Amino acid sequence: MTRPRSMTSSRTRLARQRSRLPVGGRARGVALVTGAARGIGRAAVRRLSAEGFNVVAVDRGADDPRLPYSMGTMAELQSLGNERVVAIPADTCDAEALAGAVEIAERRWGGLDVMVAAAGVIAGGVPAWELDAEQERAVLEVNLYGVLTAARVGIPALLRRPEPRHGRFIAVASTAATRGLPMLAAYCASKAGVTGLIRALAVELGGTGVTANAVSPGSTRTSILDETARLYELASAEAFAAQQPHGRLLDPEEIAGLIAWLAGPESAGATGGDYPFDGGLAL
Ligand SMILES: NC(=O)c1ccc[n+]([C@@H]2O[C@H](COP(=O)([O-])OP(=O)(O)OC[C@H]3O[C@@H](n4cnc5c(N)ncnc54)[C@H](O)[C@@H]3O)[C@@H](O)[C@H]2O)c1
């Protein structure tokens with residue numbers, strides 16, 4: 001005969017489940033997105049929360065003194081906040097600060113299911129050997145070390161979920177991971193590093209229920225593309241549309257759609273991939 005579960009333990013279980021539920025309905029899971037203040041990261045926060053995820057939105061929310069263009073602002077980051085989204089300022093290269101953001105996800109919503117590493121920067125406009133060393137370091141640090149840090153901090157949290165898990169580590173790489181883009185060598189190196197990292201992570205995570213994938217956007221209407229146009233001395237980012245076989249720029253919301261698919265249950269069999277969403281730019 002099975003022993004009836006005690007009232008106390010079922011009440012405790014119910015209380016635990018309730019503490020994971022957001023105000024306004026049952027959550028599909030909990031996600032953390034870096035680079036969330038604007039662009040692709042922001043679109044990913046919005047899409048994931050619209051699909052029922054609770055989201056910790058992380059961004060440095062301040063300029064990077066090593067780079068000549070502006071980063072997302074605190075006001076942009078904080079404007080994301082609502083009952084499903086909490087905005088936390090943190091640098092993706094700062095493991096302690098990022099761990100603080102993961103802890104907020106775990107304390108507030110009971111755990112972490114999806115880590116999206118979208119924070120990124122660009123520098124270039126000159127041949128590799130002439131790039132200012134500080135700018136080169138910024139690109140490598142934010143784009144590669146920042147994703148390594150997101151993995152170092154985020155993956156243990158994904159693995160803290162009990163089995164069977166549905167953890168997702170998703171990094172935003174770029175067409176620059178596979179194409180030799182002139183005057184953007186450090187950027188290309190950093191993004192190729194990300195896709196290499198994703199392949200190794202996918203193998204290390206085999207059998208855990210946690211997958212690792214990269215998304216590689218082509219030219220997408222965001223501040224990074226405006227800065228790239230400035231580096232190439234083009235009148236505007238719209239000039240990049242002609243380089244994409246599709247004939248137009250992409251919108252951040254389109255990339256967010258792929259990120260949301262990778263975050264969801266239908267992608268469970270996909271790991272170690274680098275998914276182009278680039279209007280054919282990589283062809
Ligand atoms: N826009 C494109 O055409 C394009 C193409 C391929 C890949 N990407 C990649 O997409 C990702 C998102 O970029 P975007 O296009 O939305 O540009 P964006 O400049 O609009 O957004 C980048 C965000 O990252 C934040 N950020 C920068 N450094 C940070 C750090 N150290 N810690 C935390 N946050 C930081 C910025 O404040 C900003 O809000 C980047 O990894 C970028 O390399 C963009």
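Five bridges join strand β2 to strand β3 (residues 85–89), and the two run parallel. Helices (H or I, at least four residues) and strands (E, at least two) are DSSP runs, numbered from the N terminus. Two strands pair if DSSP finds at least two bridges between them. This is a predicted model: local features need pLDDT of at least 70, side-chain atom pairs count only at pLDDT 80 or more, and totals for chains, interfaces and linings use all residues. Residues are numbered from 1 along each chain as its sequence is written, and side-chain values use heavy atoms, with hydrogens and water left out.

**The sheet**

- Strands of a sheet pair through backbone hydrogen bonds, either parallel or antiparallel.
- Here, seven strands form an open sheet in the order β3-β2-β1-β4-β5-β6-β7, with parallel pairing.
- β3 and β7 (274–277) stand at the edges with a single partner strand each, so one side of each has no neighbour in the sheet.
- From one strand to the next, the twist averages 20°; axes are lines fitted to C-alpha atoms, for helices over the stretch in contact, and angles run from 0 to 180 degrees between N-to-C directions.
- In β3, Pro 89 is the bridge partner of Asp 59.
- Strand β4 (residues 114–117) pairs with strand β5 (residues 167–172) in the parallel sense, over four bridges.
- Within that pair, Val 116 has Ile 170 of β5 as its bridge partner.

- Buried means under 20% relative accessible area, exposed over 50%, and partly exposed in between (1.4 Å probe, protein chains only).
- Phe 53, Val 55, Ala 57 and Asp 59 point one way from β2, while Asn 54, Val 56 and Val 58 point the other way.
- Six bridges join strand β1 (residues 29–34) to β2, and these strands run parallel.
- Leu 32 has Val 56 as its bridge partner in β2.
- From β1, the chain passes through helix α2 (residues 39–50) to β2, a right-handed β-α-β crossover.
- Right-handed means that, with the strands pointing away from the viewer, the path from the first strand over the helix to the second runs clockwise.

**Helix α5**

- Helix α5 (residues 133–160) lies across β4, β5 and β6 (210–217), and runs at about 170° to β5.
- Ala 133 is in this helix and is partly exposed, at 44% relative accessible area.
- Gln 135 is also found in α5, but counts as buried at 17% relative accessibility.
- Not counting residues up to four places away in sequence, Gln 135 touches Arg 66, Leu 67, Pro 68, Ala 123 and Gly 124; contact means heavy atoms within 4.5 Å.
- Gln 135 and Pro 68 are 67 residues apart in sequence and 9.0 Å apart in space, C-alpha to C-alpha.

**Glu 227**

- Glu 227 sits in helix α7 (residues 223–231) and is buried, with a relative accessible area of 4%.
- Leaving aside neighbours within four places in sequence, Glu 227 is in contact with Pro 68, Tyr 69 and Ile 122.

**Around the ligand**

- Of the 30 residues around the ligand, Ile 40, Asp 59, Tyr 187, Thr 220 and Thr 222 come nearest; a residue is near a molecule or strand if one of its heavy atoms lies within 4 Å of it.
- A backbone N or O atom of Arg 60 lies 3.2 Å from a ligand nitrogen atom.
- For Gly 72, a backbone N or O atom lies 2.8 Å from an oxygen atom of the ligand.

Definitions and conventions:
A polar contact is a pair of N or O atoms within 3.5 Å; within protein, one must be able to donate a hydrogen and the other to accept it, and residues adjacent in sequence count only if both atoms are side-chain atoms.
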